[in-house]
Amino acid sequence: MNGQKHAKAQIRFFEMRSRKKSAKNRQNGCERTMRLSDGTYTRTQEIPFCDCDCNSTIKPSSLLRWLTNMAGDDYADRGFAHDALRTMGVVFLVSRINVRIHRNIRAEETVIFATYERGTKGPLCLRNYAVRDGNGGQIVTAKSAWVMCDPVTHRILRPKNQQFAILEHLDTMPDCPEPEKFLIPRELKFAGTRRVVYSDLDGNGHVNNAVYADIACDFLPLTILQKPLTGFAVSFQQEARYGDSLSISLAQDHERSVVIGEVGNAICFAFELLTGASSE
């Protein structure tokens, strides 16, 4: 009960602060972010040309980066930026994400990103995302699962033991599958190796989650990537650090491609890409 009261108090506080921020943004002629009354955090964003591929549509890595960065922006808006969380002995790491693409986002298109927390499941913190156009049309839906870790020991922390509440929003995206581990084909074929370099790293000292999508796509034929994307999923199982050598294997079956990256004998990441007919 106390946790629910604390969560509702958080929403009221953040809504009030968001109204003040939005009013200031409107005065400046550019309303970019807003927190809705139900706790959803939103951002209106034009997709840069550099975030898109040879089809002039957003790359999986760019979409993944925008989605996961929204989680950090949400916490920062609530007073829990990266530095504040580290001071509390916490970092959030994405464990799994499942993305459904209803249509591909085009270069320089202005879209509205939205994200909200969906409570916890054991050690996992659940978070949903949506991307819509200016008319409210659905473009992308996604569901993710995150873990809270100690930034020094890397030990997984229990959400219920932390100093802030994970909000519980109703699931409004029944069309998007849960971020479960997907089936890895047996007929994987070795595709090559990829050494981790400086530009792959983020502030946590390991390969950034969005970079894995780039690594996976770099090993897929261009003919696959030129098809309309209908979705992708990523499972992050073990971190890779500077100098590590990733052993890449892949399997392709009609409209599904799976790429696995291993460090030693342990799976580091698994990436699933789905293609199909365009819905546009």
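Which backbone oxygen does the side chain of Arg195 reach? In this predicted model, that oxygen belongs to Gly243, and the distance is 2.5 Å. Arg195 itself sits in strand β8, which runs over residues 189–195. Leaving aside residues up to four places away in sequence, Arg195 touches Asp200, Gly243, Asp244 and Ser245. Ser247 also comes into the picture here: 52 residues separate Arg195 and Ser247 in sequence, yet their C-alpha atoms are 8.8 Å apart in space.

The largest pocket comes out at about 1000 Å³ in volume. A total of 47 residues line this pocket, and those closest to its centre are Phe92, Leu93, Val94, Asn204 and His206. Helix α2 supplies the largest share of the lining, at eight residues. Sorted by class, the lining of the largest pocket holds 25 nonpolar, 13 polar and nine charged residues.

Then there is Gly39, found in the loop between β1 (33–35) and β2 (41–46). Is Gly39 buried or exposed? Gly39 counts as buried, because its relative accessibility is 6% and the cut-off for buried is under 20%.

Notes: Residues numbered from 1 in each chain as written. Predicted model: local features only at pLDDT ≥ 70, side-chain atom pairs only at ≥ 80, totals over all residues. Heavy atoms only, no water. Helix = DSSP H or I, 4+ residues; strand = E, 2+ residues; numbered from the N terminus. Contact = heavy atoms within 4.5 Å. Polar contact = N/O pair within 3.5 Å; in protein donor to acceptor, adjacent residues only side chain to side chain. 1 Å grid on protein atoms, 1.4 Å probe; cavity = no way out; pocket = protein on both sides within 12 Å on 5 of 7 lines; lining within 4 Å. Points joined across faces, edges and corners; volume = space filled by probe spheres on them. Nonpolar A, V, L, I, M, F, W, Y, C, P; charged D, E, K, R; others polar. Buried < 20%, exposed > 50% of the residue type's maximum accessible area, 1.4 Å probe, protein only.
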